[in-house]
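Dear colleague,

Please find below the sequence and structure that I am handing over to you. My findings follow directly after them.

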Amino acid sequence: MKTLGFAAILVSVCAMAACTVNGGSGSGGAGGDDGEGGSDASTTTSSTTTGGGEGGEGGGDVTNECTPLEFEECVTCCQDANSAEVEALTKLTFWHCGCEATIRCAQYCDTTDEATDVCGEDGVVNMEVDNLDCETCVIEESAPVDSECYDAAYTACGEADDCQALTACSDTCE
């Protein structure tokens, strides 16, 4: 599930907030076909395990410290925990939504002027240039829920070693 919107990423890059972490309690896992679920457990400050119920069958669910949070807080937490990956996803979004020759934003982003050319060779994006027309177009192009270029960037992020932790985390947000 694609859970990160590019506009939200731009906001989070500018204003990173601290992530709230669950205080040591958790719930048993459910899900997978062949594994066993976890058991409910909480810990005290002396690290003794107390309580506990049986978890569900299976065990394929992926969770992290952000998962128990509400959706928007979970996404923000994932972005905060993976700030380097946010930068990588931002570059991928500019590439897929602004530099691909078939996308309308290429006219603004892929220029011949070194001062405004965002699009380099072989997927390299120059984020140091000042090109408001490109930025505005990319935000507009990537914002819709069904944005093909953003989906392509998100998929590429999930496949890239320097970005996949962000998508893995955000995919656990509900």
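A residue is called buried here when its relative accessible area is under 20%, and exposed when that area is over 50%. By this definition, cysteine 66 and cysteine 77 are both buried. Please bear in mind throughout that this is a predicted model.

Disulfides

A search of the whole structure finds eight disulfides. Three of them are described here.

Cysteine 66 is joined to cysteine 77 by a disulfide, with an S to S distance of 2.1 Å. This pair links distant parts of the chain, eleven residues apart: cysteine 66 lies in the loop between strand E2 (49-50) and helix H2 (71-81), whereas cysteine 77 belongs to helix H2 itself. The torsion about the S-S bond of cysteine 66 and cysteine 77 is about -70°, so this disulfide is left-handed.

Cysteine 74 and cysteine 173 form another disulfide, in which the sulfur atoms are 2.0 Å apart. Cysteine 74 is in helix H2 and cysteine 173 is in the segment after helix H7 (164-170), so the pair ties together parts that are 99 residues apart in sequence. The disulfide of cysteine 74 and cysteine 173 is left-handed because the torsion about its S-S bond is about -80°. With a relative accessible area of 0%, cysteine 74 is buried. Cysteine 173 also counts as buried, at 1% relative accessibility.

A disulfide also joins cysteine 97 to cysteine 149, with an S to S distance of 2.1 Å. The pair links distant parts of the chain, 52 residues apart, with cysteine 97 in helix H3 and cysteine 149 in helix H6. The link of cysteine 97 and cysteine 149 is right-handed, with 100° about the S-S bond. Cysteine 97 has a relative accessible area of 0% and is therefore buried. Cysteine 149 counts as buried at 7% relative accessibility.

Helix H3

Histidine 96 is found in helix H3, which covers residues 83-99. Is histidine 96 buried or exposed? Its relative accessible area is 19%, and because the cut-off for a buried residue is under 20%, histidine 96 counts as buried. Leaving aside residues up to four places away in sequence, histidine 96 touches Ile103, Cys149, Ala152, Ala153 and Ala156. One of these contacts, Cys149, is the cysteine that is joined to cysteine 97 by a disulfide.

Alanine 84 also lies in helix H3. The relative accessible area of alanine 84 is 52%, so this residue is exposed. The C-alpha atom of alanine 84 is separated by 8.9 Å from that of leucine 166, although the two residues are 82 residues apart along the chain.

The aromatic pair

How many aromatic pairs does a search of the whole structure find? The search finds one. The pair consists of tyrosine 150 and tyrosine 154 and is tilted, with 6.1 Å centre to centre and 40° between the planes. Both tyrosine 150 and tyrosine 154 lie in helix H6 (residues 148-159), where they are four residues apart, about one turn of the helix. Tyrosine 150 and tyrosine 154 are both buried.

Yours sincerely

Terms used. Residues are numbered from 1 along each chain as its sequence is written. This is a predicted model: local features need pLDDT of at least 70, side-chain atom pairs count only at pLDDT 80 or more; totals for chains, interfaces and linings use all residues. Side-chain values use heavy atoms; hydrogens and water are left out. Helices (H or I, at least four residues) and strands (E, at least two) are DSSP runs, numbered from the N terminus. Buried means under 20% relative accessible area, exposed over 50%, partly exposed in between (1.4 Å probe, protein chains only). Contact means heavy atoms within 4.5 Å. Rings of Phe, Tyr and Trp (its six-membered ring) pair if their centres lie within 6.5 Å; planes under 30 degrees apart count as stacked, over 60 as edge-to-face and the rest as tilted. A disulfide is a pair of cysteine sulfur atoms within 2.5 Å.
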